[in-house]
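Subject: Structure handover

Hello,

The structure we spoke about is below, with the sequence. My notes on it follow.

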Amino acid sequence: MSALKIKKGSNKHSAYNLRPDFSDVTERHTIAVLVDNEPGVLARVIGLFAGRGYNIESLTVAEVDHSGRMSRITIVTTGTPQVIEQIKAQLGRIVPVHEVHDLTVEGASVERELALFKVAGTGDKRVEALRLADIFRANVVDSTLESFVFEMTGTPEKIDAFAELMRPLGLVDVARTGVAALSRGT
Amino acid sequence: MVVQALKDQGVEVVFGYPGGAVLPIYDEIFQQNDIRHVLVRHEQGAVHAAEGYARSTGKPGVVLVTSGPGATNAVTGLTDALLDSIPLVVLSGQVPTFLIGNDAFQEADTVGITRPCTKHNWLAKDPGALSTIIHEAFHVATSGRPGPVLVDIPKDVQFASGTYTPPSKVKVSHYQPPVKGDMEAITELVEAIEKAKRPVFYTGGGVINSGPGASQLLRELVDATGFPITSTLMGLGAYPASGDGWLGMLGMHGLYEANMAMHDCDLMINIGARFDDRITGLVSAFSPHSKKAHIDIDPSSINKVIRVDIPIVGDVGHVLEDILKVWKARGRKTDKAGLQSWWAKIEDWKKIDCLKFKQEGKIIKPQYALQRLEELTKGMDRYITTEVGQHQMWAAQYLGFEDPNRWMTSGGLGTMGYGLPASVGVQMAHPDALVVNVAGEASWLMNMQEMGTAVQFRLPVKQFILNNERLGMVRQWQELLHGERYSHSWSEALPDFVKLAEAFGAKGIKVDDAADLDDAIAEMLAYDGPVIMDVLVEKHENCFPMIPSGEPHNKMLLGEASTKDAIGSAGAALV
């Protein structure tokens, strides 16, 4: 009996190809997760994103309450509204997770990132790099006769812009911490 | 200390297998009589046995395995329990702390390997914290949506002495999933119940997990409203198969009337089910005209697959109690006229009689074998486990379940080899009950070593093997979807199951004539010990009804008498 008459090569008959017709507009969200600072907790969070196919644009983690042994993980992710809801619900299921906050929807928030830029060059390029660094309020934290290391704090956009400007001036390396974020007000 | 913690958690049975890294715990087990230890033949069997124990009692199942291969063999069982939300506490041995990371003998990163297949896991490096961790493990396994947890215990920690913390002294865990549903949403649902013209309850394993009280409340609600009810594979028995509202199972191999009711309803009340892909079929055409309510203890289940109108996060038992309270207080209203014409429509669908089959002649139809098993064991104190495949679906279709916790099957993961060890676990929990594992010969062979466990512990489990010498479900899909190219879906060189039974010290029965079936089943039931019953069935029977994947509920394929003729030469060449 070949009741189904499915064309060869078609994957229509696989249940795994059935997709819900949710909105496919992608949004960027910053999510703060308060967790017990115990071994493996970061692996649980990252494993969740990898295992379920979610995106990570940036991720930062550090202990924020030593006596309570609590860490704060800040994740910047992208996805459809339905995926973002799933991400938050899935994060909430992890046993050592205490709180999940979507800073993008829970009112205004501030986001900052720290970056280090190594710029190598001599002559005019070197002078121009220093001048731009001044405009961007970047600090020089290391200097040789052929290079600078600038330190800068700002929004991810500001850091992107500075990196673009430094590229023709001899940008060698960039190190970024990823986003740290807090909601505004009390 | 480990054994003391298990005793204080009320553990009576542990399923396990010893090895180098758990010898200190086994030494403790040797020196006490409160906890019984069941020696399995393979660690996967231990986990499935514990699942059967847990599913049939409502208590967490406990497993003890050694490091390395002991732990990796447990992974399939852990994943199975995670997908079906079965509470398990697995204790694994680990190499001593000072050897961790050294590629020591029988070392594996157990916590790393099992992280995605447990609800939570711990590496207990500090002897002082060991008892606290074990108590927390039981708390996590059984709270909220239940699931498997694992505690990895290095051998030096097992040897060390530390202060024991009894459960009463353990600091209250921050992990406390809420159980009460939002009253506003519950009231909204009650309003919908009052107005619905074509309602249907769609229930799942969450009702069973919530405890017998939840099943009781469900029965009360269904019977009081007069609404029809269908259930997933995992939820069978929460509402009795003999109940007035019962439509039978839904889903890919669910009953015609159940799936049609899902498709045409105007109010769908999902209680403890999760819109699995074997249930929904084509998501975009899933029940297009209904308002949908979803009661689930896990917020991540809500809006994951199907967008619902009334989400209620909470424990099924608590939420059902509140629904009943509000509904009664508002005057027990339903749309009687609407319901009457809805039931008339359902009765029309029932007339299709989607499970009909013809038993003709000598060759046993698998459906007939299950129908006779049902007839001859009905009313007995009966527990059913299954393997995975066609026989599993037929068992769900043709056996009736009157009570929760009587049906143990691998739903989410679909683990072949689940049924035999699960039956061992169920029989441990219910020594005087009838425990039948409805199996296919291919699944059964995957964990057949556990027959040794059944014989050693005098567990009279009945292995009811529907033997079609095929991987029946795979064969069916190849027939329907892959141009009848039967790639590696038949079983060659099968053992003689009667001799195999005798080799294990059990009883073997073989039956290949429909006329002898009743006597053979009676012989199986009468034997006081484990039995392997080899039922040779029709080799090319397909499991219907079937929603072909990629189709909505109303496009079911029904069984056809012509199937046999339509097999064609390609199929016949295999015989």
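UniProt, in an unreviewed entry, lists residues 30-105 of chain A as "domain: ACT"; the positions are given in the numbering used here, feature names are shortened, and such annotations may be inferred rather than shown by experiment. The span is 33% helix and 41% strand, and its end C-alpha atoms lie 9 Å apart. Helices (H or I, at least four residues) and strands (E, at least two) are DSSP runs, numbered from the N terminus.

This is a predicted model, in which local features need pLDDT of at least 70 and side-chain atom pairs count only at pLDDT 80 or more, while totals for chains, interfaces and linings use all residues. Residues are numbered from 1 along each chain as its sequence is written, chains are lettered from A and ligands numbered from 1 in the order in which they are written, and side-chain values use heavy atoms, with hydrogens and water left out.

The remaining notes concern chain B.

Helix 2 (residues 23-30) of chain B has B:Pro24, B:Ile25, B:Tyr26 and B:Ile29 as its buried residues (buried means under 20% relative accessible area, exposed over 50%, partly exposed in between, with a 1.4 Å probe and protein chains only). These residues pack against helix 1 (2-8), strand 1 (13-16), strand 2 (36-39), strand 3 (61-65), strand 6 (148-154) and helix 8 (155-159) of chain B, where contact means heavy atoms within 4.5 Å.

Helix 16 (residues 366-377) and helix 23 (residues 517-526) of chain B pack at an angle of about 50°, with their axes 10 Å apart. Axes are lines fitted to C-alpha atoms, for helices over the stretch in contact, and angles run from 0 to 180 degrees between N-to-C directions. The contact is made by B:Tyr368, B:Ala369, B:Arg372, B:Leu373, B:Leu376 and B:Thr377 of helix 16 and B:Leu517, B:Asp518, B:Ile521, B:Met524 and B:Leu525 of helix 23.

On the backbone, most residues other than glycine have a negative phi, and most peptide bonds are trans. The bond from B:Phe544 to B:Pro545 is cis, with omega near -5°; B:Pro545 lies in the loop between strand 18 (531-536) and helix 24 (563-566) of chain B. Phi is positive at B:Glu484, near 55°, and also at B:His488, about 55°. B:Glu484 is in the loop between helix 21 (472-481) and helix 22 (497-504) of chain B, and B:His488 is also placed between helix 21 and helix 22. B:Glu484 counts as buried at 17% relative accessibility, whereas B:His488, at 70%, counts as exposed.

Regards
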